[in-house]
Amino acid sequence: LCAKIKQFKFPKRSQMKSCYIFSDKNLAYLQEIIATKFKKVEIFKITPDENDKKNLINLNEKEFFLKFIDKFEELKAKSDFVIVVGCEDFSVFGKSELNLKLARNLNAPIFDENANELRTLNLNSKLLITDKFDEILNYEHDIITPFKFQSLLLKRAKAANKTVVLPESDDERILKAAHIVLEKGAANIILLGLESEISKKAATLGLNLSKAKVLNPAQNELTDEFAKKIYELRKHKGVDEAKANALAKDKIYFATMLIHEGMADALVSGATMSTADTIRPALQIIKTKPNVSVVSGAFFMALEEEILLFADCAVTPNPSADELASITLSSAQTASAFGLSPKIAMLSYSTADSGSGADVEFVKEAAKKAHELDANLKIAAPIQFDAAVDLSVASKKMPNSDVAGQANVFIFPNLNCGNICYKAVQRSANALAVGPILQGLKKPVNDLSRGCLVEDVVNTILISAIQAGE
């Protein structure tokens, strides 16, 4: 192995690189060779402590992997090359299986003399496993695991430093999520409700919400001001002063007014109320962005090694061609805001001209209108799902497309298709579904499922904070 390294001629350095080795057997020699071409070389030895081991034994993989992802990212930020030295096996994983999973989460290609054997344990993965060091330097796959995605969300939310209002303080999932977000310093939190009740419930649950701001819409100095503004905004729709006063005391309208007036940056609700209850005040007061005719709901689907965006999976049942075009534009903007370069597949039962019918023509018309909204959008339409994600299928069905086979944004022709598909992928592929993310509003307002978990609430708060920072 060392002889292969010695024979290797390094290319010009272009960007930070990393590699993963399973032991420190050849570390000294490897470090010496890499140091001849990279100025700052860091060694990251994976050394799980007893708490890390307990996390794995108790199936708390998220905390285990997030710890090492965060440390790796710190080293990447201050170095030119990171050599990751793997750990020994313990408990629930064998040595190879644990290190393979760590390497995928770090997106660090594996350099090992037993590359062929390791590849058989890592089938269908994009991660490079090689005994040729030149391949390490040319590795370009951007693998993002669900744990890595959550790490990125946390990092970006912290950088945004925004304030998110949570109207549903009567739900313990909301309070637990607020505790986690505040503990990690990921966002500022406003809770709506009676401070005494929130404090009592927090104490019972063992939560620290001392950094959260608490406002009571029923008795607040802002309520009268908000009532007057709601009246001015809605009087043309028949809202009188009495109705405006009542709306200002309603927790979701009060929260929406906090966003409208710039006193908070984003709103998350839906744990105890319907999607309509969350969206209605936003449509009435915040309104949609220019060129956006409809609000839509997208989901980030975090698969084993990549992130996809599905829309609309939550809001508009049967969009018109104009509305589907608007959903496409909004989805491209959402993807871009979260670091994806949008390659959009507008889905159908037909690829290109292979089929015909009203449904196919509908997707073609929507794609045409989407291009009219933004001529720079990269769209394949109409296209079947297999041709959108598989290059071998794409080469036969849509050979001249720069999207087919590598799409990362998927637009469904209606809500029926979108909702069924995202739930099927979530359950059958064990994917992390983050959303719905409401698209098209001037300011971030996001809806929760009434069956949401605490982790879902945390992720939605992080996404809302990131949206507010764009």
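These legends go with close-up views of cysteines and a pocket in a predicted model. Residue numbers run from 1 along each chain as its sequence is written, and side-chain values use heavy atoms, with hydrogens and water left out. Local features need pLDDT of at least 70 and side-chain atom pairs count only at pLDDT 80 or more, while totals for chains, interfaces and linings use all residues.

**View 1. Cys417 and its sulfur.** The closest cysteine sulfur sits in Cys421, 8.5 Å away, so that's too far for a bond. A disulfide here is a pair of cysteine sulfur atoms within 2.5 Å, and the count comes to zero. Cys417 is partly exposed at 34% relative accessibility (buried is under 20% relative accessible area, exposed over 50%, partly exposed in between; 1.4 Å probe, protein chains only).

**View 2. Cys421 and its sulfur.** For Cys421, the closest cysteine sulfur belongs to Cys313, and at 7.5 Å it's too far for a bond. Cys421 is buried, at 19% relative accessible area.

**View 3. The second largest pocket and its lining.** A pocket is an open set of points on a 1 Å grid over the protein atoms alone, where a 1.4 Å probe fits, with protein on both sides within 12 Å along at least five of seven lines; lining residues have an atom within 4 Å of a point. This one is lined by 40 residues, and Gln426, Asn430, Ala431, Leu432 and Ala433 lie nearest its centre. Helix H19 (415-428) is among the elements giving two or more residues to the lining, and H19 gives the most, with six.

Methods: Helices (H or I, at least four residues) and strands (E, at least two) are DSSP runs, numbered from the N terminus.
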